[in-house]
Amino acid sequence: MSKPYFVIGCGRSGTTAVCSILDTAKNGICNNEPFPNLARESRKMMEGRLTDPSELVESTIVARVRKNEKEGMIYGEKNITFAPFVRTLHELLDCRFVFVKRDGRDVVRSLINWHEQKFANIYREAVDPVRLSAEARRYIGGLPIDLDDSDYARPRPLAGSPLHDTWLNLTRFEMCSYYWATINGVFLDELNMLPHGSWITVDVDGADSETFTQAAEFLGLNNLDNYSVNKMLNQKINSLSDRGSSPGTFSLWRDWDAWHHDRFNTIAGPMMRKLGYSPHLLECVQA
Amino acid sequence: MKFPSFIKKRGAPSFRFEELPSADLWDPTTHIDTANEIFGPFSNSLTYYDNVLSQIQSINELSITPLYRLFDETNEQVRRIALRHDVDFDPYAALRCARLLARYGTCGSFYLLHTNPYYGRVVNETFVRNPYLAEFVDGLMVAGAEIGLHNDALNIFQNWNRDGNGALTQEIAWLRGRGVTIHGTVAHNSGPVYGAENYEIFQGYRLWERELKTSTGQVIPLGSLNGEELGLTYEGTFARPKHDPNTDLAGAFFSDKVASDVRSKSWMRKFLLDSPACDYMTDTQFWLVGVDSWIVAGQRAGGDIYEHFISFSKVLEIIQDLPTGSRSIMVIHPEYVRN
């Protein structure tokens, strides 16, 4: 039986699009964010409050994979909350990973627009004045934080780390920059401990049908149709417009002012370089 | 929703309600300066509240829930504690508390006092909501708080000579129109202030038969408002009328305004534990009343417990010993949690 796989990455990086495209393979399925997704456990794990996740992962994710495996079919799923469980998943399932990355500046912009236009639950503690669409207000009014695992899952600075003491004075922009940098760091730390050939990276913004041909080959998937792949890429799956919402008003990073560039670069600059995103452009902006 | 018709016929007249902002209605700076002046000597830092939260979150087998879930029937064996925030005066302090809770993914319950100027005020026979109010409400929603009203209907009946039931009903509708999901209210003030508890406006909550009047002699319709029809599932003091109240003692307690003082040990004990008119559904109440200063009242296996002006370290010991299946509340006035 072929190895199962997981699509992973920071939220708003294109993981849903990658999952949807891979799901079109004739010999596989890719489930989008099935539950349980270990959202609360993910935060606990990152904060050192969950030390041995094997039993948890075995009884939840591994059990689900086993249940869904079928002869001749490759099982895949996408969840953005698996960052601290990558090694455990690999140990228990000998699985593969598709790590989806995206320029942090685009992710932060997308997160803020997603918050203001759609769900209003991204870093709920941010100090910014609230600007919500009617849709976002309707959604958040029915979602007190005790029912909201998704925001809880996002990392917060631990005591002793640089942003811990000033966290509640930070804007959502700064918190989202922290999220992108931190969660990608956790993914990379975990992935880099896996055997060579266990994972590949996909950058959706630069992806084309060839990208997915290679990904499919890596995963053992077949019959991905180039025309359909390109069509799905153009569709911008799970964007605000794809979800029928207003596109949002937060600026493209090229239009950010000096404060935004400076704060982003301070918080996320090292991860930008680590992931191979235009340090040249960053430096130009700084200059 | 239905509204008892006799109130409109016989009771106090209703307000007109105005939603348009009036820029000169409220000065946040002056309001906060006043809050600092009044509450400053009794206030704790946000770091103090942060420490309180982290300590109770670290207690094993203690679930922190919003008030609307305190008496959920699932997992009855779990010890539950709810964080009730009565926002008497300072919405900014309330927002800071809510955001602190959001950092931990903890849901606190916040009750907005609809008679305080931060919420609104009467201008030329019209109740005008504060232009900043919508921002406070949105801020609390985004922070993930449960939001309710700090019911002060009797104040409106008695001191504003208007229909308090109608005002409360109207504000519930307005908040729901903003997207807020409201499950409950919490009575503001205490019985001696108005001669009755604010929760007594609700059906089934009148503590004993008596006539309460406005300053102009109109009868206040205690026990008339149907909470269920308003879509409410709880009253967050969790008081319930005694089956056989001592009306003489209750009358004396409710008519003695001079004695009613949150800092009086004997009065608070009577208010929270030895009331002649009501019992509480909660097992224990923990009230923050000053600088690292708490009042604890309730029941334990060995009988009643009442502690006056104790530190949080002692409160923590009591919380750690809460019995299986217990339901408790911490009552926080955000005014006591300042910068």
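**Helices, a contact and cores**

Modeller: This is a predicted model. In chain A, the axes of helix α3 (residues 54-68) and helix α4 (residues 86-93) come within 10 Å, crossing at roughly 60°.

Colleague: Which residues make the contact between α3(A) and α4(A)?

Modeller: From α3(A) you get A:S54, A:V57, A:E58, A:I61, A:V62 and A:V65, and from α4(A) there are A:T88, A:L89, A:L92 and A:L93.

Colleague: How does that contact of α3(A) with α4(A) split by class?

Modeller: Seven residues are nonpolar, two polar and one charged. Glu counts as charged, so A:E58 belongs to the charged class.

Colleague: And in chain B, at what angle do α3(B) and α4(B) pack?

Modeller: Helix α3 (residues 46-57) of chain B packs against α4(B) at about 40°, and their axes are 11 Å apart. Here too the crossing of α3(B) and α4(B) is right-handed. B:L46, B:Y49, B:D50 and B:L53 of α3(B) meet B:R96, B:C97, B:L100 and B:L101 of α4(B). By class that gives six nonpolar, no polar and two charged residues.

Colleague: How many residues does each chain put into the contact between chains A and B?

Modeller: Chain A gives 19 residues and chain B gives 22. On the side of chain A, helix α6 (residues 134-141) gives the most, with four residues. That side of chain A has ten nonpolar, two polar and seven charged residues.

Colleague: Which residues touch the most other members of the largest nonpolar core?

Modeller: Among its 100 residues, those are B:C97, B:A98, B:F110, B:L140 and B:I147. Helix α4 (residues 91-103) of chain B supplies the largest share of this core, eight residues. Apart from this core lies another one, of 71 residues, including A:F6, A:V107, A:A207 and A:M271.

Colleague: What is B:A98 in contact with, leaving aside its neighbours within four places in sequence?

Modeller: B:A98 is in contact with B:G108, B:F110, B:L140, B:A143 and B:A145.

Methods. Residues are numbered from 1 along each chain as its sequence is written. Chains are lettered from A and ligands numbered from 1 in the order in which they are written. This is a predicted model: local features need pLDDT of at least 70, side-chain atom pairs count only at pLDDT 80 or more; totals for chains, interfaces and linings use all residues. Axes are lines fitted to C-alpha atoms, for helices over the stretch in contact, and angles run from 0 to 180 degrees between N-to-C directions. Helices (H or I, at least four residues) and strands (E, at least two) are DSSP runs, numbered from the N terminus. Two residues are in contact if their C-beta atoms, placed from the backbone, lie within 7 Å. A nonpolar core is a set of buried Ala, Val, Leu, Ile, Met, Phe, Trp, Tyr and Cys residues joined through C-beta atoms within 7 Å. A residue is buried if 20 or more other C-beta atoms lie within 10 Å of its own, exposed if 12 or fewer, and partly exposed in between; C-beta atoms are placed from the backbone. A crossing is left-handed if the near helix is turned anticlockwise from the far one by less than a right angle, and right-handed if clockwise.
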